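Hi,

Here is the model we talked about, sequence and coordinates together. Have a look at it first, and then read my notes below.

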Amino acid sequence: MPWSGANFKALAKKKEISLTQLSELLKVSRQTVTAWAKGKVPKGDHLIELSRILEINPGYFFFEDETQKIISVPMHRKRGVAKITEKTKQDSFQMAKQYEKLFIEASDPGLVPVLRVKRSDDKNAKALAKKLRELSGIEPHLPMDYKHTFHLLSLLNIVTIFSYFPDSVKDYAFYCRIDKHRVVFVNNNTNVLDLIFPLLHETIHAIRDEEENAIDDPAEEAFCDLVASYIQFPSEYVSMVANTIINRRIGIQINLLKEFAKKNSHSLFGIVQEIKKINPTLDLNVGGADTNLKKEFLTIGKILFDVEDVREHITRLNALSPLFVKILKDQIENATPRKVAEWLGLESTLDGKQVVEELKRTRFSENL
C-alpha cells in the first residue's frame with residue numbers, strides 16, 4: 001500500500017505542526033521528516049508515534065486503490081527477533097492477492113462474529129478467552145491442541161489457507177481480510193507445537209477486525225498475546241503443572257515438563273512462560289529440550305501433504321479448513337487445474353487436476 005507524503009504533509013499543516021517540530025518530537029533529523037513528505041515510508045515505530053502525535057489512524061497516510069479496499073493490510077505478530085519490514089508487508093499482501101478472485105466470487109459469509117471489549121485489560125482477556133475455549137469444545141482443564149484451534153477458527157467463520165511463505169515473511173501465520181472474508185494464512189513449514197499460540201493470536205485479530213486499532217499497535221499486539229495465552233493454557237492446567245515440578249531438581253523438572261508437553265501437544269517454552277507468571281523465580285532453560293520435543297511432531301505441511309492419495313489430502317484439508325474447501329467446491333466447475341494447484345500450494349498442474357476431479361466427485365455426492 002503506497003505511502004502518501006502529500007497526506008502526511010497536509011495533515012501536519014492542518015494541525016499547525018511544522019516538519020521541524022515533528023522532527024524534534026520524534027527525535028529524528030529534519031531531513032528524515034522531509035523525506036517522509038516526499039514519499040519515503042517511516043519505520044514502524046516512527047509511523048505509530050507519528051499517528052499518535054497527529055491523532056490519526058496510520059491508514060490515513062496511505063493511498064488506497066480498489067484492490068486495497070478488497071484486501072486489508074496483513075497483520076503480523078513479530079516472531080522472535082525477526083523484523084516486520086515493508087517487504088514483509090508487500091509480499092504477504094501479494095500472497096493474499098492471489099486469492100482475491102476466489103473470495104470475490106465466493107458466497108457472502110453472512111454475519112460474522114465480532115467480539116468487543118471496553119478495555120484491553122487482564123480481566124477482559126480472561127473473559128474473552130473463556131468464551132472462546134468454551135466455543136472450541138476443548139475440555140476445561142486441558143490446553144488447546146492444534147485440532148481444536150483450527151476447529152475454533154471455522155466456528156468463528158475464519159477461513160484458513162495453508163501456504164509455504166516466502167523468506168521475507170518470517171511468520172507462523174498472519175491475518176488479513178479479503179473482500180468480506182476473514183482469512184488467516186498459515187505457514188506450512190511450522191511445527192504444530194509452534195503453531196497453536198500464533199494461530200490463536202491471529203484469531204483474536206480476526207474477531208476484533210471491526211475495531212479501529214492502529215496497525216502494529218504494541219498495545220493491541222500485547223492484548224492479543226494475553227488472550228491467546230489464556231486460551232491455550234487454562235489456569236487450572238498451569239497450576240497443576242507448576243505444583244508437579246515445584247521443589248524438584250532441574251533435570252527432573254524438564255523431564256516432567258516434556259511429559260506434559262508431549263501428552264498435551266504444546267511447546268515447553270509456552271508452558272514455562274505461563275508458570276513464570278505465578279512463580280517468577282522459576283529459572284529453566286528448556287531450549288534444547290523444546291527442540292528435541294518438536295522432532296517428535298510434524299509440521300502442518302507434512303500433515304497435509306505427506307500423502308499419496310489425493311482423497312486423503314482433501315480429507316485432511318477439510319478437517320482443518322472446511323470453509324476453504326467449501327469455497328473451492330462451490331467454484332470448482334470454473335476453476336482450472338493450474339489455478340487450483342496454485343491456491344492449494346501443490347507442486348504441479350497434474351496434482352491440481354486430480355484435486356479438481358476429487359472435489360467435483362465429493363460435491364456431486366453431497367448434492368445427491
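One term before anything else: contact, or touching, means heavy atoms within 4.5 Å. This is a predicted model, in which local features need pLDDT of at least 70 and side-chain atom pairs count only at pLDDT 80 or more, while totals for chains, interfaces and linings use all residues. Residues are numbered from 1 along each chain as its sequence is written, and side-chain values use heavy atoms, with hydrogens and water left out.

Leaving aside residues up to four places away in sequence, Ile327 touches Leu102, Phe103, Ala106, Val159 and His181. Ile327 sits in helix 18 (residues 322-331); helices here are DSSP runs of H or I with at least four residues, strands are runs of E with at least two, and both are numbered from the N terminus. Ile327 has a relative accessible area of 9%, so it is buried (buried means under 20% relative accessible area, exposed over 50%, partly exposed in between, with a 1.4 Å probe and protein chains only). Ser107 is 220 residues away from Ile327 in sequence, yet their C-alpha atoms are 7.7 Å apart.

Now for the helix pairs. Two packed helices are described by the angle between their axes and the distance between the axes. The axes are lines fitted to C-alpha atoms, for helices over the stretch in contact, and angles run from 0 to 180 degrees between N-to-C directions.

Helix 9 (residues 146-155) and helix 10 (residues 192-207) have axes that come within 9 Å and cross at roughly 25°. That makes the two helices roughly parallel (angles under 35 degrees count as roughly parallel, over 145 as roughly antiparallel, 65 to 115 as roughly perpendicular and the rest as oblique). On the helix 9 side, Tyr146, Thr149, Phe150, Leu152 and Leu153 meet Val192, Leu195, Ile196, Leu199, Leu200 and Thr203 of helix 10. Those residues divide into nine nonpolar, two polar and no charged (Ala, Val, Leu, Ile, Met, Phe, Trp, Tyr, Cys and Pro count as nonpolar, Asp, Glu, Lys and Arg as charged, and the others, Gly among them, as polar).

Helix 10 also holds His201, which is buried at 0% relative accessibility. The His201 side chain makes a polar contact of 2.8 Å with the side chain of Asp225 (a pair of N or O atoms within 3.5 Å; within protein, one must be able to donate a hydrogen and the other to accept it, and residues adjacent in sequence count only if both atoms are side-chain atoms).

Helix 12 (residues 235-245) and helix 14 (residues 268-278) pack at about 85° with axes 10 Å apart, so they are roughly perpendicular. Their contact residues come to eight nonpolar, one polar and one charged.

Ser267 is in the loop between helix 13 (250-264) and helix 14, and is buried with a relative accessible area of 9%. A polar atom of the Ser267 side chain lies 3.1 Å from the backbone nitrogen of Gly270.

Last, some backbone angles. Most residues other than glycine have a negative phi. Asn157, in the loop between helix 9 and strand 2 (158-163), has a positive phi of about 65°. Asn247 has a positive phi near 65°; Asn247 lies between helix 12 and helix 13 and is exposed, at 75% relative accessibility.

Cheers
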